[in-house]
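Colleague: Before I use this model, could you take me through its sheets, its helix packing and a few individual residues?

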Amino acid sequence: MSLNVAIMGATGAVGQELLNILEQRNFPLNSLKLLASARSVGREYKFKGQTLKVEELTKDSFKGIDLVLSSAGASVSKEFAPIAVEAGAVVVDNTSFFRMDPEVPLVVPEVNAEDIKLNKGIIANPNCTTIMMVVALKALEKISHIKRIHVSSYQAASGAGATGMAELEQQYKEIAEGKPCTVSKFAYQLANNVIPHIDVFTDNGYTKEEMKMYNETKKIMHSDVVCSATCVRVPALRSHSESIWIETERPISVEEAREAIKNGEGLQLMDEPENKVYPMPLFLAGKDDVYVGRIRKDLANENGLTFWLVGDQIRKGAALNAVQIAEYMVKNNMFKK
């Protein structure tokens with residue numbers, strides 16, 4: 001089965017990564033259309049030796065399209081995803097707009113791939129920090145039910161897209177030149193700093209980014225688990241890190257946890273503290289898996305375990321997860337062709 005595919009938001013950081021991953025994984029394509037706003041029309045990108053030109057996203061963009069990979073922002077998805085579905089396409093949406101819609105599956109294939117079968121034309125990609133966390137949690141949930149999660153995320157500039165990465169690089173250049181730092185994308189200067197603020201604050205004092213982790217984890221894992229998060233922007237360029245504490249129904253030993261992670265789908269164990277081997281974002285950009293290390297018993301809770309993970313949130317946290325959803329649908333003959 002070869003599909004007619006459109007990338008909606010093709011010029012952004014995730015859109016560009018979608019283009020790379022479709023080529024790297026040799027996704028079964030009949031045609032590929034790049035869609036973006038009018039200001040990007042005519043931009044050219046290489047794909048499998050061909051040159052593809054960006055077309056303007058309009059209501060007529062989806063004729064004959066089987067699959068839309070969407071990463072153009074929540075307001076764009078709100079408007080255009082239903083139009084694409086009406087035209088006969090399945091939409092895998094990377095934005096936040098449909099994630100908590102009870103009619104829309106929220107999917108991480110390593111965790112709840114079966115939910116894809118419940119789709120009515122739209123499948124939501126979770127938040128990047130949630131995706132990486134639940135891949136690791138799935139392996140541990142098989143040992144003992146996870147009741148509570150505390151997590152602090154350390155999120156790279158790339159979480160704010162290509163403009164976020166560009167601003168961080170510009171700030172370091174300005175610091176080296178003794179110039180004032182340009183601050184536009186983030187609330188404060190990110191270079192030489194950490195900012196405990198991602199997305200807008202809600203009435204309970206948590207940010208939307210933190211509440212996404214609370215709500216999405218429950219939906220993906222079909223669980224009563226509760227998650228309390230603090231999300232921090234750090235001056236790394238790409239790949240997010242997370243420090244995670246879990247409480248399980250029975251104690252999980254470090255040895256059990258390491259074995260589960262080592263054998264878990266989409267996971268790599270990187271846990272040799274005696275040799276200074278642990279995951280770090282500097283070395284894991286561009287990798288597909290989630291890397292886990294620093295696995296320890298929680299000293300404050302006998303049923304607790306704590307660990308550290310790193311993943312490339314543009315790949316597994318966004319583009320790769322979306323393509324994996326589409327691959328599952330191809331494998332299970334879920335398109336209407």
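Modeller: The questions and answers below concern a predicted model, and they go from the sheets to single residues.

Colleague: In the sheet of 7 strands, which strands stand at the edges?

Modeller: This sheet is open and has mixed pairing, with its strands in the order β3-β4-β2-β1-β5-β6-β7. From one strand to the next the twist averages 25°. A strand with a single partner has one side left without a neighbour in the sheet, and the strands in that position are β3 (44–47) and β7 (122–124).

Colleague: Within that sheet, which residue of β5 does I7 stand opposite?

Modeller: Strand β1, residues 3–8, is paired with strand β5, residues 67–70, and their 4 bridges run in the parallel sense. In β5, the residue opposite I7 is L69.

Colleague: At about what angle does helix α2 run to β6?

Modeller: Two helices can be described against these strands: helix α1 (residues 13–24) lies across β1, β2 (29–36), β3 and β5, and runs at about 25° to β3. Helix α2 (residues 74–86) lies across β1, β5, β6 (90–93) and β7, and its angle to β6 is about 155°.

Colleague: Turning to the sheet of 6 strands, by how many degrees are neighbouring strands turned against each other on average?

Modeller: The order here is β9-β8-β10-β13-β12-β11, in an open sheet with mixed pairing.

Colleague: Which residue of β10 is the bridge partner of H150?

Modeller: Strand β8 (residues 146–155) pairs with strand β10 (residues 240–248) over 8 bridges, in the antiparallel sense. For H150, the bridge partner in β10 is W245.

Colleague: What is the angle between helix α7 and β12?

Modeller: Helix α4 (residues 128–141) lies across β8, β9, β10, β11, β12 (290–297) and β13 (304–311), at about 40° to β10. Helix α7 (residues 254–263) lies across β11, β12 and β13, and the angle at which α7 runs to β12 is about 175°.

Colleague: How do α4 and α9 pack, and which residues of α9 make the contact?

Modeller: The axes of α4 and α9 are 8 Å apart and the helices pack at an angle of about 85°, which makes α4 roughly perpendicular to α9. By class, 4 nonpolar, 2 polar and 1 charged residues take part in the contact. On the α4 side the contact is made by C128, I131 and V135, and on the α9 side by K316, G317, A318 and N321.

Colleague: What kind of aromatic pair do F97 and F98 form?

Modeller: The structure holds 2 aromatic pairs. F97 counts as partly exposed at 38% relative accessibility, whereas F98, at 7%, counts as buried. Their ring centres are 4.9 Å apart and their planes stand at 85°, so the pair is edge-to-face.

Colleague: How many residues apart in sequence are the parts tied together by Y154 and W308?

Modeller: Y154 and W308 form a tilted aromatic pair, with 5.6 Å from centre to centre and 40° between the planes. Y154 is partly exposed, with a relative accessible area of 30%. Since Y154 belongs to strand β8 and W308 to strand β13, the pair ties together parts whose separation in sequence is 154 residues.

Colleague: Is S153 buried or exposed?

Modeller: S153 lies in strand β8. Not counting residues up to four places away in sequence, S153 touches T129, T230, C231, V232, S241 and E242. Its relative accessible area is 0%, under the 20% limit, so S153 is buried.

Colleague: How far apart in space are I143 and P251, C-alpha to C-alpha?

Modeller: I143 is placed in the loop between α4 and β8, and at 23% relative accessibility I143 counts as partly exposed. Leaving aside neighbours within four places in sequence, I143 is in contact with R250, I252, E256, A257 and A260. I143 and P251 are 108 residues apart in sequence, while their C-alpha distance is 9.5 Å.

Colleague: What is the relative accessible area of N333?

Modeller: N333 is found in the segment after α9 (315–331), and N333 has a positive phi of about 50° although it is not a glycine. N333 is exposed, and its relative accessible area is 59%.

Definitions and conventions. Residues numbered from 1 in each chain as written. Predicted model: local features only at pLDDT ≥ 70, side-chain atom pairs only at ≥ 80, totals over all residues. Heavy atoms only, no water. Pairing = 2+ DSSP bridges. Contact = heavy atoms within 4.5 Å. Axes fitted to C-alpha atoms, helices over the stretch in contact; angles between N-to-C directions. Phe/Tyr/Trp six-rings, centres within 6.5 Å; stacked < 30°, edge-to-face > 60°. Buried < 20%, exposed > 50% of the residue type's maximum accessible area, 1.4 Å probe, protein only. Parallel < 35°, antiparallel > 145°, perpendicular 65-115°, else oblique. Nonpolar A, V, L, I, M, F, W, Y, C, P; charged D, E, K, R; others polar.
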